[in-house]
Amino acid sequence: MSESLTPNPSADPSSSLFVQLGGEPGIRALVDDFYTIMNAERYADGIRALHPPTLDGSRDKFFWFLCGWSGGPDHYISRFGHPRLRARHLPYAIATAERDQWLACMQQALDRQPWPVPLKERLLASFFDTADWMRNQRD
């Protein structure tokens with residue numbers, strides 16, 4: 001994701017984003033809720049269509065990525081190398097509508113988590129910056 005999503009490397013490890021999110025179980029819950037919402041909500045049909053019929057691989061990749069991004073284990077990098085998010089998403093048509101669908105699903109997923117509101121707001125702001133940066137189509 002974009003630089004805004006890079007955790008502060010000088011932060012106390014006991015208060016890392018990874019820890020604040022509840023480690024792997026907390027991140028897995030967020031990712032599972034996100035994909036469950038995306039798969040069920042009609043407003044997300046546009047981004048759902050960009051994914052394979054089964055979402056298992058997408059769930060795992062997003063989970064692996066968020067673990068490392070948040071300061072936890074680098075599962076994604078150990079499997080695939082540098083995330084190169086924009087390059088990996090260039091084959092998919094992403095405009096404002098797709099960005100907004102993705103963010104709406106993420107907002108709902110964040111709302112389901114037991115985290116403090118300021119943490120959820122910080123995450124959503126970072127996700128917005130990255131989702132906006134991923135757009136590769138003119139509106």
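**Close-ups of a predicted model**

**View 1. Ser 58 is a buried residue, with a relative accessible area of 14%.** That value comes from a predicted model, as does everything else in these legends. Ser 58 counts as buried because its 14% falls under the 20% cut-off. Look for Ser 58 in helix H4, which spans residues 56-69. Leaving out residues up to four places away in sequence, Ser 58 touches Tyr 35, His 51 and Pro 52.

**View 2. The largest pocket holds about 770 Å³ of space.** Helices H4, H5, H6, H7 (96-111) and H8 (117-133) are the elements that each give two or more residues to its lining. H4 supplies the largest share, with five residues. In total, 25 residues line this pocket, and those nearest its centre are Tyr 35, His 51, His 89, Trp 102 and Met 134. Sorted by class, the lining comes out as 16 nonpolar, five polar and four charged residues.

**View 3. Arg 84 has a positive phi of about 40°, and it isn't a glycine.** Why give that a close-up? Because most residues other than glycine have a negative phi. Arg 84 sits in the loop that links helix H5 (75-80) to helix H6 (85-89). With a relative accessible area of 47%, Arg 84 is partly exposed.

**View 4. Cys 67 and Cys 105 are the cysteines shown here, and how accessible is each?** Cys 67 is buried, at 0% relative accessible area. Cys 105 is buried too, with a relative accessibility of 0%. As for disulfides, searching the whole structure turns up zero.

Notes:
Residues numbered from 1 in each chain as written. Predicted model: local features only at pLDDT ≥ 70, side-chain atom pairs only at ≥ 80, totals over all residues. Heavy atoms only, no water. Helix = DSSP H or I, 4+ residues; strand = E, 2+ residues; numbered from the N terminus. Buried < 20%, exposed > 50% of the residue type's maximum accessible area, 1.4 Å probe, protein only. Disulfide = S-S within 2.5 Å. Contact = heavy atoms within 4.5 Å. 1 Å grid on protein atoms, 1.4 Å probe; cavity = no way out; pocket = protein on both sides within 12 Å on 5 of 7 lines; lining within 4 Å. Points joined across faces, edges and corners; volume = space filled by probe spheres on them. Nonpolar A, V, L, I, M, F, W, Y, C, P; charged D, E, K, R; others polar.
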